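Please walk through the fold with me, starting from the contacts along the chain and ending at the aromatic rings.

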Amino acid sequence: MNTKLATAQIRLQNWLVTIRDRQHSGLSVKDYCQQNHISKDAYSYWLRKIKAAALEESGFVEINQPDYSPAALTVPPSPAETMSLQIRELQITLPLSVPREVLSMVIEAVSYAQ
């Protein structure tokens, strides 16, 4: 195994323990970092790294924001041509014409979101 890769994985595991400890502590990130002499920037950096690794392992990929340039905008469908999904506090409105596979992926992705 590559030494750099092994070192990165060890750091990732160590930060995962730290992040879980912070979550179970009930403290805010700011307070936890102050009490444990951790830079808030370092905490945020490793939290992003851990989330990215979790997404990579799960097979999910980041979805880029759609193009909202004037040429890309279309007239939205009327409410009679849409469906609304309410999952926890998130509401998603989709056209009735959305393919079943896409709808399934949206529901699955939202169910894993925090």
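Among the contacts in the protein (heavy atoms within 4.5 Å) with a separation of 6 or more, 27% are accounted for by residues 24 or more positions apart. This is a predicted model, in which local features need pLDDT of at least 70 and side-chain atom pairs count only at pLDDT 80 or more, while totals for chains, interfaces and linings use all residues. Residues are numbered from 1 along each chain as its sequence is written, and side-chain values use heavy atoms, with hydrogens and water left out.

The protein holds 4 helices and 2 strands, taken as DSSP runs (H or I of at least four residues for helices, E of at least two for strands, numbered from the N terminus), and along the sequence they follow the pattern α-α-α-β-β-α. Of its 114 residues, 15% count as buried, that is, under 20% relative accessible area with a 1.4 Å probe and protein chains only, where exposed means over 50% and partly exposed lies in between.

Aromatic rings of Phe, Tyr and Trp (its six-membered ring) pair if their centres lie within 6.5 Å, with planes under 30 degrees apart counted as stacked, over 60 as edge-to-face and the rest as tilted. Trp15 and Trp46 are stacked, at 6.2 Å centre to centre and 5 degrees between the planes, whereas Tyr45 and Trp46 are edge-to-face at 5.3 Å and 90 degrees.
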